[in-house]
Amino acid sequence: MVAETIKAQTKDLNFFYGPLQVLKKINVSIPEKQVTALIGPSGCGKTTLLRCFNRMHDLYPHNRYEGEIILFPENSNIISPEMDPIEIRMRISMVFQKPNPFPKSIYENVAYGLRVRGVRDKSLLDEKVEKSLKDAALWDEVRDRIHGLAFDLSGGQQQRLCIARALATDPEIILFDEPTSALDPIATSKIEELIEELKNRVTILIVTHNMQQAARISDRTGFIMLGELVEFDKTEKIFTAPSEKLTEEYITGRFG
Amino acid sequence: MNHTRKRKIKESAIEAALLVCALFSVFITVSIVFILSYESFGFFREVPLRDFFLGTQWTPLFANPKFGILPLITGTLLTTGIAVLVALPLGLLVAVYLSEFAPHRLREIIKPALELLAAVPTVVYGYFALLFLTPILQGFLPELSGFNALSPGIIMGIMIIPYVSSVSEDAMIAVPMHIREGSYAMGATKLQTAFKVVIPSAFSGIAAAFIIGISRAIGETMVVAIAAGGMPNLTANPLEPVQTLTAFIVQVSLGDAPHGTVAYKTIFAAGITLFFMTLGLNILGFWLRKRIRELY
Amino acid sequence: MEDLKKRIRANKLRNYLFLIIGLLATLVGLLLLCTLLIDLALDGASRLSMKFLLSFPSRFPEQAGILSAWVGSFLVLLVTALAAIPLGVATGIYLEEYGKKNWLTDIIEINIANLAGVPSIVYGLLALGLFVYFLKLGESILTGGLTLALLILPTVIMATREAIRAIPNSIREASYALGATKWQTVQWHIIPYSTGGILTGIIIGLSRAIGETAPIITVGALTFIAFLPSPPLTPEFPYFSFQWLMDPFTVMPIQMFNWVSRPQKEFQLNAAAAGLILMAMTLLMNGLAVYLRYKFRKRVKW
C-alpha cells in the first residue's frame, strides 16, 4: 500500500450563517493528488464545505467559521483570520457549477489568473495559456480561434475553459462544485476523463449530486447529511460496504 | 508578508478614495442647506417673518419694498395646480393603457417617444406656451391676458406626463400576474381588472408617481418665466399673469441686485421656501416607493 | 340570463371605450411634440443659415446669430462632462462594489435620491453662493460647467449602478476565485462590462444639461455676449491656456430665452431657429443614447 500524504485536513470545522449552524464538527482528511468526492442530498452543506477551502464565504456578510482547515506541508490554517484569503485563492482554484467564463477572449480568460499575479511577459503568457488549454483537453478545438470570444464556445467547452483557467496558475488544490450538472452526457464524460488525468498533478476535491459520478472517478468519498459528515472512506468501500446505515440508505436511493 | 501588506494598503486607499467621491453627494446636500439657510438668515434679520409669510405684496425691488411671499406662493400653486390637473389623470390613463391594454410592440414604440417628451428643453416649451398656445387659447377665451397661468400650466402638465406615467406603470407592472388572473377568472374585463384590482394594489407606487409630478411642477422655472409673466399677483384666476417662486429668482438673477443686499438675499428666501416644499414631497415619495419594494 | 348578457355587453363596451381613451391620452403628448416641432420649423427654418450659426447676437434681428451661444454651450458641456463623469462613476462603483449595508451607505443613497428631485434652480442658487462667491470662481464657464455637473450627477450615478448591477455575480466569483483583489476585479471586469450602460447614462445626462437654462442664468451667464471666450491655444509659450475657463459666457437656451422675451416678431423667429438647433442637438444625443443602449445590450448577453 502506498503511503499517502494528506494535503488538507479539517479539524472540528463548524460554519455559521448568522445564527444558523450549517456545518457541524466536520473532520475530514483530503489526500494529496487524489480525487475526493463529497456527496449527499441537496442542501446538506457539501457546497458550503467546499467553499470554506478557498474562503469564498468571506465575500458575503453574516458568515462565520469555527475550527481549522490545515494545509500541508506548512501546517497553516486556511480559515484563520490572519490568513489572507487572496493568498489562499492563489493556491487553491475553483471550478463552478455553471460555466462562468469572462466575456473576453479564450486567451484572456486563461491568462487572467496570471495577470492577477503580475505576469506581463507575453511569451510566458502564451506558453502558459497553451499548456493550460492542452491540459484541459481544449487546445486542439480552439487553437485557431484563441482570440475569439469565450462565449462562442459550447457549454462543455466553456467548462473546460474554466478548468484551463483554474489550471493556469499551477494550483495545489482544485475545488469542483458540481462541474457537470449543467452539461450534457458527452461533455460530462469528457470532463470526468479530464479529472482522472489531472489528479496525477493536483489534489482534487469535488462536490457532486450524482452518486455514479462519485463512484466512477473518486478515490475517497465523504457522505454529508444535514451539515454532518456521516461517513468518509475509500470510495470502493462507501459504495459496496458502507459502515453507516444512513450512508447505505442514501446509496441505495431510499432518500434523495 | 511585505507583499500582502503593500497590497492591503493599496486596496484600502482605493476604497477610501471611492468613498470620498461617494460622500460628495452628501456634501452637496449639506452645502445647499447651508447656503440657503445662511443667506436666508441674513434676509430674515432685516425682514420680519410675519411680513414674509403673511404679507400680500411682493415688491422687493421697489423703492419702498414689500416682502410678502404669498403672491409668489399662490403663483406657484396656481400654475402647479393646472399642470397637475392635466398631468395626473392623463399620466395615469397612459400608464393603465400601456401596462394593461397596449400590445407589446406598441408599448416598445410609445415608451421611448414619451421619454422624448421629458427630454425637450424647457425653454422650448416656454416658447411654445407663449407664442403658440396662448394665442390659440385667446381665441376661445378673449379675456385671457398675454401672460397667464393657464397656458404654461397646460404645457407643464403635458411635459410632466412621462414622469407620472412611467413611475405609475412600473408600479402596476410590479403587481403579480396571479392577482390579475383572480379577477379575469371571474369574468371581469381588462378595464375592470385594471381599476378595481391593479390600481388599488399599486396604490403606493401611483401615489409616489403623483408626488414626483407635483414636485417637478413646483420646481419648473423656464416655462413659467417665459409665459406666466413677471408681476407677482395674488390671485386664483388662471387667466391673469402671475409670477412663481422660480420665475422670480430668474428675474432677479437677470437684473442688477448687488451681492449682499436684501434684494439679492430675496432669491435665497424664495429658494429655501422652494427647497423645503420639494424636499417634503421628495421624502414622502421616497418613503412610498420603499413601501412598494417591500410589499413585493 | 338576458340581464347577464346585457351586463357583459355593457362591460365590454366600456372596456372598448377605454381602449380608445387610453390611446388618445397617450397620443396627446406625442401630438404636442409634433405640433411643437412643426411650429418651430415653420417659424425658424427661414432663419437657419451658415450666417446664423456664425454671427454674434446683435440689436438687429436679421444680423443676429448664435455663435457665442453654441461655442459657450460646447465649452460648458466639456467642463460638465469632465467633472461629472469621474465623480459619478466613482460613486456608482463604491455603492455597488464596496458599500456595506450600514448607515453611511443609507445616508449616501438617500442623498442621491433627494438630489435627483431638487429643482434645477436651487442648484443655481447653490452654485451662486459656493462657486461664484465663496470659491471666487466668478461668473465663468468653469462655474457654469460645475453647476451642470452637480445637476446631472444623480443621473450618472444611477446609470452606473444599474449597469454594474446587470453583471451577474458568477463573474465576480470567478474573478475572486482566481485570487484577484477587489480593485483588480473592478478594474478588469466591472468597469469594462458596464461601460455601455455608463456611457448611455452620461449621454442622457449631457443631453439634459445642454437644455438647462435656469441654473445657468442664476450663476450669471450673460444674455448678450458679442465675443467668444479666450482661445485655448496661444501663439506664445506654453502654447495653451486655461483662461477660457474663467471667461464670461452664454449658452444656447439662454440665447433663445433672450430672444423669446423680446416683443419684436423678428427676434421671435430667431428664437424659433435657435430652438430648432437646440432640439436637433437634444434629439441627436437622445438618439445616440438609445442606439448605444441597444447595441451594448446585444453585445453582452448574460
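## Packing and backbone geometry in a predicted three-chain model

In chain B, 73% of the contacts with a separation of 6 or more are between residues 24 or more positions apart; a contact here means that the C-beta atoms of two residues, placed from the backbone, lie within 7 Å. The model is predicted: local features are reported only at pLDDT of at least 70 and side-chain atom pairs only at pLDDT 80 or more, whereas totals for chains, interfaces and linings use all residues. Residues are numbered from 1 along each chain as its sequence is written, while chains are lettered from A and ligands numbered from 1 in the order in which they are written.

**Chain B**

Chain B contains 12 helices and two strands. These elements are DSSP runs numbered from the N terminus, helices being H or I with at least four residues and strands E with at least two. Along the sequence of chain B, their order is α-α-β-β-α-α-α-α-α-α-α-α-α-α. The C-alpha trace of chain B extends over about 80 × 70 × 35 Å along its principal axes. Of the 296 residues in chain B, 51% are buried; a residue is buried with 20 or more other C-beta atoms within 10 Å of its own, exposed with 12 or fewer, and partly exposed in between, all C-beta atoms being placed from the backbone.

**Chain A**

Chain A has 10 helices and 11 strands. The C-alpha atoms of chain A occupy a box of roughly 55 × 40 × 40 Å along the principal axes. The radius of gyration of chain A is 18 Å, which agrees with the value near 18 Å for a compact globule of 256 residues. That radius is taken over C-alpha atoms, and the globule rule is 2.2 Å times the number of residues to the power 0.38. Buried residues account for 46% of the 256 residues in chain A. Among contacts in chain A with a separation of 6 or more, 69% link residues 24 or more positions apart.

**Helix pairs**

The table describes two helix pairs by their axes. The axes are lines fitted to C-alpha atoms over the stretch in contact, with angles from 0 to 180 degrees between N-to-C directions.

| Helix | Partner helix | Axes come within | Crossing angle |
|---|---|---|---|
| Helix 3 (residues 106–116) of chain A | Helix 6 (residues 155–167) of chain A | 7 Å | roughly 35 degrees |
| Helix 3 (residues 70–101) of chain B | Helix 1 (residues 2–44) of chain C | 8 Å | roughly 120 degrees |

Helix 3 of chain A crosses helix 6 of chain A in a right-handed sense. A crossing is right-handed if the near helix is turned clockwise from the far one by less than a right angle, and left-handed if anticlockwise. In this pair, A:Ile106, A:Asn109, A:Val110, A:Tyr112 and A:Gly113 of helix 3 of chain A face A:Leu161, A:Ala164 and A:Arg165 of helix 6 of chain A. This contact comprises five nonpolar, two polar and one charged residues. Ala, Val, Leu, Ile, Met, Phe, Trp, Tyr, Cys and Pro count as nonpolar, Asp, Glu, Lys and Arg as charged, and the others, Gly among them, as polar.

Helix 3 of chain B and helix 1 of chain C cross in a left-handed sense. The two helices are oblique to each other, the class left after roughly parallel (under 35 degrees), roughly antiparallel (over 145) and roughly perpendicular (65 to 115). Helix 3 of chain B contributes residues including B:Leu90, B:Leu93, B:Tyr97 and B:Phe101, and helix 1 of chain C contributes residues including C:Leu19, C:Ile21, C:Gly22 and C:Thr26. By class, this contact holds 12 nonpolar, two polar and no charged residues.

**The interface of chains B and C**

Across the whole interface, 69 residues of chain B contact 67 residues of chain C. On the chain B side, helix 1 (residues 2–46) provides the most, with 19 residues. That side of chain B is made up of 48 nonpolar, 16 polar and five charged residues.

**A buried helix in chain C**

Helix 10 (residues 252–260) of chain C is largely enclosed by the rest of the structure, because nine of its nine residues are buried. Among them are C:Met252, C:Gln255, C:Asn258 and C:Trp259.

**Backbone exceptions in chain A**

Most residues other than glycine have a negative phi, and most peptide bonds are trans. The bond from A:Phe72 to A:Pro73 is cis, with omega near 10 degrees. A:Pro73 sits in the loop between strand 5 (63–71) and strand 6 (76–77) of chain A.

A:Lys25 has a positive phi, near 45 degrees, and belongs to strand 2 (residues 20–26) of chain A. A:Lys25 is partly exposed, with 15 other C-beta atoms within 10 Å. A:His62 also has a positive phi, near 70 degrees. A:His62 lies in the loop between helix 1 (46–53) and strand 5 of chain A, and counts as exposed with 10 C-beta neighbours inside 10 Å.
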